[in-house]
Amino acid sequence: MAVNNKLSTNSYPSLSPGKYGGRIGKPAKYWRIITLGLYVKEDIGVKFKTVFLSSSILDDPRKDLLIEWGKWFVRLGLAPLSMGNLSFRTEKGFVITATGIGLEIVEEDNLTEVLGVEEGRNLPVIYVNGKVVPSRESLLHHEIYKVRPEVKVVFHLHDELVMKCVDELNLPSTIGEQPPGSEELVREVNRLLNLAKNARYLVIRGHGIISMGETLEDTGRMVVDMNQMARDYVAGKMTEG
Ligand SMILES: [Zn+2]
């Protein structure tokens with residue numbers, strides 16, 4: 001029996017307008033309701049305070065592309081429940097998707113520019129430009145940009161297939177499982193970044209994956225390629241059996 005394990009990857013989001021954008025159409029109403037539910041849930045997991053310095057964020061063509069990659073990951077099944085967070089480095093910090101807004105429906109107003117992180121009395125304080133609270137994994141993105149100056153783009157998703165095959169594929173991964181959005185998770189990923197100095201793709205055991213690159217394209221393609229590798233591995237296993 002032929003196993004169709006190939007992803008349709010012939011039209012990646014790219015900076016040329018119209019190539020990918022516009023094809024998806026408006027999301028169905030029920031998505032908004034689901035996302036509203038997620039908003040409440042996700043907001044509870046936010047372990048920092050947000051200080052809004054300005055409601056407008058910088059003009060950058062990568063914002064549209066970031067949004068398109070989010071929709072693309074949902075379509076490929078790499079962002080279950082439309083969850084995940086995507087960012088790119090800017091001169092002053094990084095632009096990241098909002099907390100609690102499904103990647104399927106992220107719009108320009110759901111992007112926030114993180115300008116700095118400070119230790120607060122109880123919780124870390126994040127200074128931003130934008131209208132929405134940045135992803136609850138903003139501290140994780142901040143840490144990666146700090147430790148890896150060459151990284152310009154960070155995508156965090158929950159690729160269940162890759163997570164299942166992490167040991168078989170010999171991918172760099174965390175040792176323990178830490179709660180999403182926690183400082184423990186940030187510390188664990190920091191340890192891994194220092195151990196696997198050249199790694200551009202990491203697995204957070206029992207949670208998700210991190211892809212780090214120089215452009216949105218190479219970071220996104222790595223996510224898709226690693227998923228394909230996991231598919232090939234599983235298909236190979238099936239043929240063997
Ligand atoms: Zn996550």
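This is a predicted model: local features need pLDDT of at least 70, side-chain atom pairs count only at pLDDT 80 or more; totals for chains, interfaces and linings use all residues.
Residues are numbered from 1 along each chain as its sequence is written. Helices (H or I, at least four residues) and strands (E, at least two) are DSSP runs, numbered from the N terminus.

Two packed helices are described by the angle between their axes and the distance between the axes. For H3 (residues 138–147) and H5 (residues 183–195), the axes come within 9 Å and cross at roughly 25°. Here axes are lines fitted to C-alpha atoms, for helices over the stretch in contact, and angles run from 0 to 180 degrees between N-to-C directions. H3 and H5 are therefore roughly parallel to each other; the label is used for angles under 35 degrees, with over 145 counting as roughly antiparallel, 65 to 115 as roughly perpendicular and the rest as oblique. On the H3 side, the contact is made by Leu139, Leu140, Glu143, Ile144 and Val147, and on the H5 side by Leu185, Val186, Val189, Asn190 and Leu193. Residues are in contact if their C-beta atoms, placed from the backbone, lie within 7 Å. Sorted by class, that makes eight nonpolar, one polar and one charged residues, where Ala, Val, Leu, Ile, Met, Phe, Trp, Tyr, Cys and Pro count as nonpolar, Asp, Glu, Lys and Arg as charged, and the others, Gly among them, as polar.

H3 is mostly covered, with eight of its 10 residues buried. Buried means that 20 or more other C-beta atoms lie within 10 Å of the residue's own; exposed means 12 or fewer, and partly exposed is in between, with C-beta atoms placed from the backbone. The buried residues of H3 are Ser138, Leu139, Leu140, His141, His142, Glu143, Ile144 and Tyr145. Over the chain as a whole, 39% of the 241 residues count as buried.

Stepping back, the chain has six helices and eight strands, and from the N terminus on the elements run α-β-α-β-β-β-β-α-β-α-α-β-β-α. Of the contacts in the chain with a separation of 6 or more, 68% are between residues 24 or more positions apart.

The eight strands make an open sheet in the order E1-E5-E4-E3-E2-E6-E8-E7, with mixed pairing. Strand E1 (49–54) and E7 stand at the edges with a single partner strand each, so one side of each is left without a neighbour in the sheet. Neighbouring strands are turned by 25° against each other on average, direction ignored. Helix H2 packs on this sheet, touching E2, E3 (94–97), E4 (111–118) and E6 (153–157), and its direction makes about 155° with that of E2.

Leu202 stands opposite Ile210 in E8, and the bridge partner of Val203 is Ile209. The two strands form a hairpin with three residues between them, and Gly206 in the turn has a positive phi of about 70°.

H2 also packs against H6 (residues 216–240), at an angle of about 10° and with the axes 11 Å apart. That makes H2 roughly parallel to H6. In this contact Arg62, Leu65, Leu66, Trp69 and Phe73 of H2 meet Leu216, Gly220 and Val223 of H6, which comes to six nonpolar, one polar and one charged residues.

A few loop residues are worth a look. Most residues other than glycine have a negative phi, and most peptide bonds are trans. Leu81, in the loop between H2 and E2, has a positive phi of about 60° although it is not a glycine; with 13 C-beta neighbours inside 10 Å, Leu81 counts as partly exposed. Asn170, in the loop between H4 (160–164) and H5, likewise has a positive phi of about 60° without being a glycine, and counts as exposed, with 8 C-beta neighbours inside 10 Å. Gly77 lies in the loop between H2 (62–75) and E2 (85–89) and is exposed, with 12 other C-beta atoms within 10 Å. Gly77 and Glu160 are 83 residues apart in sequence and 9.4 Å apart in space, C-alpha to C-alpha.

Technical notes:
Two residues are in contact if their C-beta atoms, placed from the backbone, lie within 7 Å. Two strands pair if DSSP finds at least two bridges between them.
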